[in-house]
Amino acid sequence: MFSTLLRDLRAHAINNIEYYQNGTTNSTSLFHKSFSLMHEHLDRGIQPSIEEITPRLADYDLSPDIHANGYRSLIKVVHKCCLHLLQLSRHISNNRTSLFFRGHHYSKELEAYVSVLGQLRASLHYANKLIPFCDHGSLFANEAYLDNEVAENLLKDVERLSQDCFYGRCLGFQFCESMVKPLHGVGVAMASFSDGYQNESHLLQLTTALLNSGKYFLDPDLRAQRVVDVTRTADISFCKAFWSIPESDFMQLSHLACPRVHVNEVITIQPGPFEMNCHNSVETVVITPPCAYTGPSNIKMRLFSNHWREGQKVPHTKMKKKPNPKSSGLVLHCHGGGFVAQSSRSHEVYLRQWAKDLDVPILSIDYSLAPEYPFPRALEECFYAYAWALENSELLGWTGERICFAGDSAGGKHL
């Protein structure tokens with residue numbers, strides 16, 4: 001599949017190189033330069049690196065039945081980039097003679113994706129370079145093989161890789177189409193929020209962000225530069241402030257557009273050990289409360305349910321005299337926020353929609369946040385909440401039969 005894709009890409013590159021080689025405008029010159037560079041990346045970097053790494057992929061799989069590892073992920077990203085380039089190259093080949101062809105726009109698009117391809121070419125090179133320093137089947141270098149000079153040089157080389165191209169026009173290209181617009185929104189929000197971050201007033205911060213969002217929306221290259229600069233230099237207070245925007249009272253107005261749920265309850269668990277039966281066994285295991293760094297303390301969770309169900313606390317405005325039967329399923333949710341910000345409240349927009357669409361209770365864990373509560377405190381709390389949910393299913397309107405784990409960003413890493 002990859003060989004066919006690369007062959008088609010090279011054919012389009014050669015065709016467009018010949019077409020634009022005598023161009024006199026800035027756009028035609030940029031087309032010629034980008035297609036020539038793309039052909040070089042494919043021939044001298046991408047294809048040789050993939051041919052070198054592909055025979056080794058199975059050595060790093062999670063298991064014989066699960067073909068997944070970091071090298072496969074990298075190749076998948078390269079494949080997605082090549083697919084975008086093929087689609088773009090075909091469009092250019094088919095429409096370049098049209099009076100309505102937007103040469104300036106597509107030359108910039110092509111330049112951006114070729115830049116990404118170049119950085120992926122370098123990533124493949126370093127991935128192959130790392131393999132000899134790893135034990136068989138390990139994704140991590142063995143320090144016994146990696147002396148200080150080699151390690152330092154490798155880190156310096158990787159640090160030189162450009163990040164800008166991944167945050168501009170090509171932001172989110174490796175994800176499904178439905179994720180691209182939200183990611184662009186996050187990029188615009190981060191860039192514009194950083195401009196007004198020094199204002200002490202939250203209202204001024206948001207106002208400045210809204211006023212500056214237009215320029216970052218219209219200029220993806222400027223947005224990329226700003227996002228990369230912020231992610232490299234911002235401190236923890238900026239991260240907390242930015243990722244806590246959904247917690248602001250202004251943003252909470254968006255909840256008015258969300259589906260109404262009959263149960264939206266904060267549950268507080270008091271810490272204490274309890275016993276659980278092991279699966280398919282008469283043995284029991286003791287679940288101890290989270291205690292890393294600060295000792296035991298209460299854990300908060302938020303329960304969403306489209307209907308009031310048996311066992312759940314009676315809502316203030318129940319719609320029926322009798323609760324619905326317990327659900328056979330439960331969703332256990334860990335929110336995102338870089339481990340330093342946000343809560344179940346900031347994710348309420350889609351959690352209420354999930355509760356309506358899935359018609360099962362959703363339990364979202366408000367785990368403790370860093371840096372006040374460093375790793376592994378949050379992980380301990382998520383595990384304790386999971387064990388508590390299994391032992392107290394009747395309080396959640398759940399039969400205890402099926403449970404599904406869900407999380408985004410940092411929350412996904414907990415799972």
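Predicted model: local features only at pLDDT ≥ 70, side-chain atom pairs only at ≥ 80, totals over all residues.
Visitor: Is Ser-89 buried or exposed?
Guide: Ser-89 is found in helix 3, which covers residues 70-95. Leaving aside residues up to four places away in sequence, Ser-89 touches Leu-9, His-12, Asn-16, Phe-35 and Met-38. The relative accessible area of Ser-89 is 0%, and because a residue under 20% falls in that class, Ser-89 is buried.

Visitor: Which residues are the closest to the centre of the second largest pocket?
Guide: The second largest pocket holds about 580 Å³ of space. Of the 17 residues that line this pocket, the closest to its centre are His-84, Glu-109, Tyr-113, Arg-169 and Val-180.

Visitor: Which class of ring pair do Phe-31 and Phe-35 form?
Guide: Phe-31 and Phe-35 both lie in helix 2 (residues 26-53), where they are four residues apart, about one turn of the helix. Phe-31 is buried at 1% relative accessibility, and Phe-35 is buried with a relative accessible area of 0%. Their ring centres are 6.4 Å apart and their planes stand at 20°; because planes under 30 degrees apart belong to that class, the pair is stacked.

Visitor: What class of pair do the rings of Tyr-60 and Tyr-71 form?
Guide: The centres of the rings of Tyr-60 and Tyr-71 are 4.9 Å apart, and the planes are at 55°.

Visitor: How many residues apart in sequence are the parts that the pair of Tyr-60 and Tyr-71 ties together?
Guide: Tyr-60, buried with a relative accessible area of 9%, lies in the loop between helix 2 and helix 3. Tyr-71, which counts as buried at 6% relative accessibility, lies in helix 3, so the pair ties together parts whose separation in sequence is 11 residues.

Visitor: Over the ring of which residue does the charged end of Arg-96 sit?
Guide: Ring pairs link Tyr-19, Tyr-20, Phe-31, Phe-35, Phe-101 and Tyr-106 into a cluster. The charged end of Arg-96 sits 4.0 Å from the centre of one ring, over which it is placed, and that ring belongs to Tyr-19.

Methods. Residues numbered from 1 in each chain as written. Heavy atoms only, no water. Helix = DSSP H or I, 4+ residues; strand = E, 2+ residues; numbered from the N terminus. Buried < 20%, exposed > 50% of the residue type's maximum accessible area, 1.4 Å probe, protein only. Contact = heavy atoms within 4.5 Å. 1 Å grid on protein atoms, 1.4 Å probe; cavity = no way out; pocket = protein on both sides within 12 Å on 5 of 7 lines; lining within 4 Å. Points joined across faces, edges and corners; volume = space filled by probe spheres on them. Phe/Tyr/Trp six-rings, centres within 6.5 Å; stacked < 30°, edge-to-face > 60°. Lys NZ or Arg CZ within 6 Å of the ring centre and 35° of its normal.
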